[in-house]
Amino acid sequence: MPRQHHRLSATRLGNLPPGFHADGDNLYLKVTPTLSRSWIFRYEVAGRPTDMGLGAHPPISLSTARRLAAESREHLVRGEDPLALRRARQAQVRAEQQARITFRDLAEEFMTVHLDTFSNIKHQKQWRSTLEAHAYPHLGRLPVTEIGGADITAALSPIWMTVPATAKRVRQRIQRVLQWGKDGEPLPQHGVARNRGRHHAAMPFSEVPAYVQLLRKRADISSLAVEFTILAVARTGETLGATWDEIDLDAGVWIVPAERMKGKKEHTVPLPQRVIEILHALPREKGNPYVFIGREGKPLSQVALWNLVRATAGNGYTVHGFRSSFRDWAGDRTNFARDVIEHALAHQLKDKVEAAYRRGSALEKRRKLMEAWAQYLDKPAESGNVTQLLRRA
């Protein structure tokens, strides 16, 4: 009689055809037509069949998947739904992270997202200077969830009677930042003017592989979102607004609709194998369509990514800056044509003659470019680079 558990062997996992392959004890390895692999724990609760993802293979090994499956079976024995428990833990972690966000963190992220939509440079400088002078001393270190009217009054009382016009503007700015946080840190509306002279600090491409290795060691949803953004050469808003119906895992593409693109043109992103693994490893939440889930049916917040990069990369580097890192790498280290590189970045070609020759999307050429980028990021990180990043953080 064939054994009912431990049917798979580590040496055969890479050669299995597409489909579901049972290891026994509710554990399956799912292999997609593109040969990406992920672990699935299948069970029933109240007669309802449920699939719970345990992560991609690799990095989740066969032995680790068996251990995770055993833990999930223990929950079932106790009458607990393992997927519901995991979602509850994730919700708790998100709530704890939100509770730790200070007013200064939120205000700085607000200005990162919104200040370059102000065409008046003087207005931009006033926003920062007034918050630093009159809001941060009292509110800066307070968690946003604890700030009340009395705290705002205490912050503004020194200038309320002496410079009332400034005090009222600061109050409006404080309230706008707090409301923005309550609303889920929405992106600016399309069509607003942006300051084209502002540049996002970019990490040198030689340091990016080491940084990606640090992200993979963390393995939380914010780290996965940043790694996804780096690999897909996406803008932060494109990543955070991504929904599952935009992604075709079998075809290995992500189709970003025109209304979510800066250039108002639909953009097809060929996804490297590592991105497929990230997507298979992500948790899903009923009623939440977003790939990177946040709280109460919303996507993950920009603040989460901003705080992560600020804490782990340092030097003022931004998530958006990794697009420049990719552009420098592609131009300096590869032989891909300029228009293929620019198309991967969803840039509009300025040369009308050149653009006329690029009728198609060059999808397969861009797929090779994206795979080359992913392979570059996979290279072993030099210990000095890792140490440097840790010291900087």
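# Reading helix packing, cores and backbone in a predicted model

Author: The axes of helix 8 and helix 10 come within 10 Å and cross at roughly 155 degrees. This is a predicted model.

Reader: Is the crossing of helix 8 and helix 10 left-handed or right-handed?

Author: Helix 8 crosses helix 10 in the left-handed sense. Helix 8 brings Leu224, Glu227, Phe228 and Leu231 to the contact, and helix 10 brings Arg274, Val275, Ile278 and Leu279. By class, this contact of helix 8 with helix 10 has 6 nonpolar, no polar and 2 charged residues.

Reader: At what angle do helix 5 and helix 6 cross?

Author: Helix 5 (residues 149–160) and helix 6 (residues 164–182) cross at roughly 160 degrees, and their axes come within 9 Å. That makes helix 5 roughly antiparallel to helix 6. The crossing of this pair is right-handed.

Reader: Which residues of helix 5 and helix 6 meet?

Author: From helix 5 come Ile152, Leu156, Ile159 and Trp160. In helix 6 they meet Pro164, Thr166, Ala167, Lys168, Val170, Arg171, Ile174 and Leu178. The contact of helix 5 with helix 6 has 9 nonpolar, 1 polar and 2 charged residues.

Reader: What do nonpolar side chains tend to do in soluble globular proteins?

Author: They tend to be buried together. In this model, the largest nonpolar core has 57 residues. Ile230, Trp254, Leu279 and Phe326 have the most contacts inside it.

Reader: Which elements each supply at least two residues of this core?

Author: The helices are helix 7 (208–218), helix 8 (221–232), helix 10 (273–281), helix 11, helix 12 (321–333), helix 13 (338–344) and helix 15 (363–378). Strand 6 (253–256) also supplies at least two. Helix 8 gives the most to this core, with 8 residues.

Reader: What does Ile230 touch, not counting residues up to four places away in sequence?

Author: Ile230 touches Val208, Tyr211, Val212, Leu215, Phe322, Trp373 and Leu377.

Reader: Now burial. How much of the chain counts as buried?

Author: Of the 393 residues of the chain, 47% count as buried. The chain has 16 helices and 7 strands. Of its contacts with a separation of 6 or more, 62% are between residues 24 or more positions apart.

Reader: Why is helix 11 described as largely enclosed by the rest of the structure?

Author: Because 9 of the 11 residues of helix 11 are buried. They are Gln302, Val303, Ala304, Leu305, Trp306, Asn307, Leu308, Val309 and Thr312. Take Asn307. Buried means under 20% relative accessible area, and Asn307 has 18%. Not counting residues up to four places away in sequence, Asn307 touches Ile101 and Asp105.

Reader: What follows helix 11?

Author: Gly314 follows helix 11, with a positive phi near 70 degrees. Gly316 is found in the loop between helix 11 and helix 12. Gly316 counts as exposed, at 53% relative accessibility. The C-alpha atoms of Gly316 and Ala202 are separated by 8.4 Å, although the two residues are 114 residues apart along the chain.

Reader: What backbone values do most residues and peptide bonds have?

Author: Most residues other than glycine have a negative phi, and most peptide bonds are trans. Now the exceptions here. Asp25 has a positive phi, near 55 degrees. Val233 also has a positive phi, near 55 degrees.

Reader: Where do Asp25 and Val233 lie?

Author: Asp25 lies in the loop between strand 1 (19–24) and strand 2 (27–31). Val233 lies in the loop between helix 8 and helix 9 (236–240). Their accessibility can be read next. Asp25 is partly exposed, at 33% relative accessibility. Val233 is buried, at 3%.

Reader: Which residues does a cis peptide bond join?

Author: A cis peptide bond joins His57 and Pro58, with omega about -25 degrees. Pro58 is found in the loop between strand 4 (48–57) and helix 1 (62–77).

Conventions
Residues numbered from 1 in each chain as written. Predicted model: local features only at pLDDT ≥ 70, side-chain atom pairs only at ≥ 80, totals over all residues. Heavy atoms only, no water. Buried < 20%, exposed > 50% of the residue type's maximum accessible area, 1.4 Å probe, protein only. Contact = heavy atoms within 4.5 Å. Axes fitted to C-alpha atoms, helices over the stretch in contact; angles between N-to-C directions. Helix = DSSP H or I, 4+ residues; strand = E, 2+ residues; numbered from the N terminus. Parallel < 35°, antiparallel > 145°, perpendicular 65-115°, else oblique. Left-handed = near helix turned anticlockwise from the far one by under 90°. Nonpolar A, V, L, I, M, F, W, Y, C, P; charged D, E, K, R; others polar. Core = buried A, V, L, I, M, F, W, Y, C linked by side-chain atoms within 4.5 Å.
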